[in-house]
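Below is a short report on a protein model and its ligand.

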Amino acid sequence: MITVVGAGPVGLVTALLAARAGMDVQVLEQRRKLPIDKACGEGLMPGGVEILRDLNVDIDQDGCSPFVGVRWIDELSVAEGRFPAGPGLGLRRVHLHRGLWEAARREGVPVHLGARVTGLSPEGVLCSEGLFSSRWILAADGLHSGLRKLGGLSLGPGPRPRFGLRRHYAVSPWTDFVEVHWAPGVEAYVTPVGPRRVGVAFLWSGEKAHFDQLLERFPRLQRRLEGAPVDSQDLGAGPLHQRVSSVVSGRLALVGDAAGYLDALTGEGLSLGFQQAASLVRAIQAGDLRFYVQEHAELVRLPLTMMHLLLFAARNPPLRARLIRSLSSRPDTFGRLLALNDGASLSSLGLGRVLSLGAGMVVWGALLQPQPRAEPVLEPRRVGDPVAGQVERPGLRQPRRQRVRAGLTDLVVGQQQRGERARGERDGAVVGHAVPAQVQRVQLPRRDPARARVTQRVAVQDERGQRWRAPAQ
Ligand SMILES: Cc1cc2nc3c(=O)[nH]c(=O)nc-3n(C[C@H](O)[C@H](O)[C@H](O)COP(=O)(O)OP(=O)(O)OC[C@H]3O[C@@H](n4cnc5c(N)ncnc54)[C@H](O)[C@@H]3O)c2cc1C
């Protein structure tokens with residue numbers, strides 16, 4: 001007997017695949033009622049859609065919309081990548097769950113509700129309903145997996161906590177892409193999830209925040225949603241980064257979010273979880289979980305690399321802006337990166353495509369090389385009220401004049417040229433743009449740019465016309 005702990009999407013897919021392979025399988029779920037809603041961007045990548053199709057999972061048309069790719073939007077550029085092999089599916093979690101549950105029922109998989117697993121024993125798992133004997137224990141109990149801890153496989157959360165929060169609006173989708181809107185320190189994910197429903201999920205780092213506070217960081221999106229009725233309760237999740245020492249210990253195997261999670265930024269959590277489930281079932285068929293350990297490492301290698309790169313870019317707005325600008329003129333490369341992230345093999349993309357992808361990777365590599373600082377950091381100040389700022393210089397790689405002295409980069413930005421803007425930020429939010437034609441002089445301690453000192457008066461004017469002045473020093 002196989003016991004799957006957790007009747008989330010990955011647990012149910014694992015159980016379905018095991019049942020299809022002729023195994024005796026049962027599912028234990030702590031909740032008393034299905035379907036289960038959850039904070040999620042609800043964009044299922046094409047690889048995941050294919051697995052649902054193979055399992056004959058029916059999704060109610062009212063709760064889903066196909067999407068053809070991913071669109072990244074920041075203050076200056078828009079980049080679009082289309083999936084090369086078929087669409088993904090935006091789908092409400094409750095509809096996905098209902099479909100999976102129905103499929104499990106049809107397959108004769110017993111799902112025990114209200115069965116919270118609290119311990120492991122040599123015979124199986126212990127829960128509120130007693131002992132469930134099992135040969136294999138497959139933990140699909142989510143981001144904060146208790147079994148991961150019970151099995152001694154948890155390394156705890158990562159060092160930079162990120163959180164997620166979602167809400168739905170009853171409004172017709174305006175696009176058949178999943179849109180990712182980027183702002184400093186926070187991204188908004190917009191997914192069409194039905195003929196008259198759009199999901200908005202935020203991912204951000206730092207303190208917990210309310211949905212409306214986060215939405216204010218995206219004025220364009222806020223305007224789009226103005227007046228649209230809210231169609232769900234706000235649901236949150238986090239901290240997201242959860243680390244594991246291994247995905248297997250004896251007869252216990254972790255799958256889905258339970259097997260470690262970095263971030264939802266690339267939106268392939270479900271798809272990757274389903275692929276892990278398929279690999280785990282193959283390893284059980286072979287009677288050796290070491291196959292799963294190996295395949296799991298291969299499955300997550302590329303998505304994790306991408307995610308680390310993107311998280312790095314998310315923390316570095318100038319780099320992120322360069323990345324989006326660069327991908328905006330390479331839609332094919334963007335599409336192939338999406339496919340690779342979703343489990344396509346390099347060979348399946350063909351030689352020509354691999355070469356062009358190679359070119360794309362070179363772009364990535366170049367973007368991630370340490371570059372001379374193109375955007376000098378300013379820190380205009382109103383007394384006691386620090387404001388960080390950047391000068392954006394489309395097309396200009398180097399600051400016009402830069403002198404490096406022992407430990408200090410002394411930067412002088414002269415008259416602004418056309419298209420050049422200085423941006424003032426406070427607590428990560430843009431508060432305004434510098435008035436044109438001003439002279440700014442900044443001292444940048446090399447090791448700690450956050451302590452940049454403004455050595456000459458600068459003025460930044462915010463949207464309400466208020467001027468922020470840096471004291472002359
Ligand atoms: C803000 C946000 C946006 C996201 N966007 C996307 C996206 O667009 N696309 C995508 O593919 N992924 C996305 N993800 C990731 C995706 O939501 C997860 O990867 C997915 O939910 C993992 O499913 P799971 O079945 O592993 O875990 P879960 O869905 O968390 O299910 C775990 C189940 O285990 C049960 N359980 C827990 N403990 C016990 C216990 N002790 N005993 C019994 N049962 C237990 C829980 O009740 C739950 O039902 C996003 C995540 C977040 C936070």
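## Core, ligand shell and a loop glycine

Beyond its neighbours within four places in sequence, Ala253 is in contact with Leu138, Ala139, Val247, Val248, Leu280, Leu289 and Tyr292; contact here is C-beta atoms, placed from the backbone, within 7 Å. The model is predicted: local features need pLDDT of at least 70, side-chain atom pairs count only at pLDDT 80 or more, and totals for chains, interfaces and linings use all residues. Residues are numbered from 1 along each chain as its sequence is written.

Ala253 is also one of the residues that touch the most other members of the largest nonpolar core, which has 108 residues. Such a core is a set of buried Ala, Val, Leu, Ile, Met, Phe, Trp, Tyr and Cys residues joined through C-beta atoms within 7 Å. Buried means 20 or more other C-beta atoms within 10 Å of a residue's own, exposed 12 or fewer, and partly exposed in between. The helix α1 gives the most to this core, 8 residues.

The ligand is surrounded by 41 residues, the closest being Gly8, Gly41, Gly164, Gly256 and Gly269; a residue counts if its C-beta atom, placed from the backbone, lies within 6 Å. From α7 comes the largest share of this shell, 4 residues.

| Class in the shell | Count |
|---|---|
| Nonpolar (Ala, Val, Leu, Ile, Met, Phe, Trp, Tyr, Cys, Pro) | 18 residues |
| Polar (the others, Gly among them) | 14 residues |

Gly152 lies in the loop between α4 (146-150) and β13 (154-157); helices (H or I, at least four residues) and strands (E, at least two) are DSSP runs, numbered from the N terminus. Gly152 is exposed because 10 other C-beta atoms lie within 10 Å. Its C-alpha atom is separated by 8.2 Å from that of Ser249, 97 residues apart along the chain.

Notes:
Two residues are in contact if their C-beta atoms, placed from the backbone, lie within 7 Å.
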